[in-house]
Amino acid sequence: MKIIIYPTFENEFKNLKTQNRTYLLYGRIYDNFTVCHLTGVSFSKSTYPIGLLTTGTTTMEEPIITAKSLEYPYIHIMVEENLSTLKADVYHNEENKDSNIDVDIEYIDLNRLFVRIDEKEAPLRVLNKKRVAIIGMGSGGALLALYLAKSGVKEFIFIDDDHLETHNIIRHICDLDNLGRFKTLAVKDYIKARIPDVKIQTVERKFDLHTKADFDFFNSILLDMDLIAAVSGEHDVNYAINDFIHSNQLNIPVIYAGTFDGVKGGLMFKVDPRNEDFCYHCIYSKPDENGTIQTKAIPTTIELEQKISYDRTLQEQLAQPGLGLDVDNLTILLSKFCLDILLTGGEHSLYHFPHNFYMWFNRTIMKSNESSVKFEGLELYYYEDLEKDSNCPFHGTQALKIE
Ligand SMILES: [Zn+2]
């Protein structure tokens, strides 16, 4: 039997008076007692006891705490002095018991989590110091958060007011146990279960700037970010982020990403005020009186005429097998795009995205006005020299000059 010892268990064990006492034991039993995880002693917020822990040198026929509080099967672990010497009995049922089972102990060593990715070309120490805000915790935002955390980013803010619903589950990293929860908090738990020392602040509200208090609040939490990923897929949220950055003259790069036309493709673009890039308004005009949003900057396609804006109707999300895979495809590229920006300015050879605007096609799509030319599926396109829009409130001819 292998016993995995969690830091939580180790800490609680150190504080026990190890004098001939029996405690309730918490953790998990897997695969017919092949592996046991020990997470705590005598108290646990969320689990039932899996057995008993007896400390000291007294050998007893039966533990003081009776098995009445436990359900079969359970384990009884006896520790004489320290955790390096222990024996285990397994009670399968009332008649059936295995005594003095050989135990192999393993301590969880969090220092080994990132051992294999700390290489010169992908400097972990640089990424460890980066702070990323992710606005939108849907299937794309959640996966982006996970990939960045697994790549070594140690500090996050998640912003979303949405809850996990049944129809989300098939594409989202979080499972049925999280139904009804805020996506921010469910994703936080998912990531911390894998990388416990990641710092994650969550904000369960929509990113909007209706009042000065909204502005002051988001200003206070986002001021020190190294990157903002705008992945809500909602134009109004993206306009608010764009206005927030530009009217406040913050030098924080923002990546906007979304999908279109039932996730036939996705787009992602970088707006870095430090480079005097175009902005969200330059790409997408404010909606006109009919609610139509125009884009002059992005080349459209026959199939995508009028549709090259974010599109994620519920019906399409429910109807399409493979939709989650299409979202994930884009999110993998988006994660690499984000890592490139976080590592900009230092030496690395991880990923390089030299352009500001990329489109990814999951399907083959006809190009506009050129019916014989197609965008091939599974390819990444970039567009150079997208121009600032003359009607942009920040970059157009009528732009207010901020002194
Ligand atoms: Zn602009």
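How many residues does helix α9 have, and what distance does α9 reach from its first C-alpha to its last?

1. Helix α9 (residues 323-342) has 20 residues and reaches 29 Å from its first C-alpha to its last, close to the 28 Å expected at 1.5 Å a residue; the expected span is 1.5 Å times one less than the number of residues. Helices (H or I, at least four residues) and strands (E, at least two) are DSSP runs, numbered from the N terminus.

2. This is a predicted model, in which local features need pLDDT of at least 70, side-chain atom pairs count only at pLDDT 80 or more, and totals for chains, interfaces and linings use all residues. Residues are numbered from 1 along each chain as its sequence is written.

3. Four of the five residues of strand β9 (residues 131-135) are buried, so β9 is largely enclosed by the rest of the structure. A residue is buried if 20 or more other C-beta atoms, placed from the backbone, lie within 10 Å of its own.

4. Strand β9 pairs in the parallel sense with β10 (residues 155-159) over five bridges, with Ala133 opposite Ile157. Four bridges join β9 to β12 (residues 227-230), also parallel, and there Ile134 faces Ala229. Pairing requires at least two DSSP bridges between the strands.

5. In the largest nonpolar core, of 72 residues, Ile134, Ile135, Ala229, Ile255 and Cys338 touch the most other members. Helix α9 gives the most to this core, with nine residues. Such a core is a set of buried Ala, Val, Leu, Ile, Met, Phe, Trp, Tyr and Cys residues joined through C-beta atoms within 7 Å.

Technical notes. A residue is buried if 20 or more other C-beta atoms lie within 10 Å of its own, exposed if 12 or fewer, and partly exposed in between; C-beta atoms are placed from the backbone.
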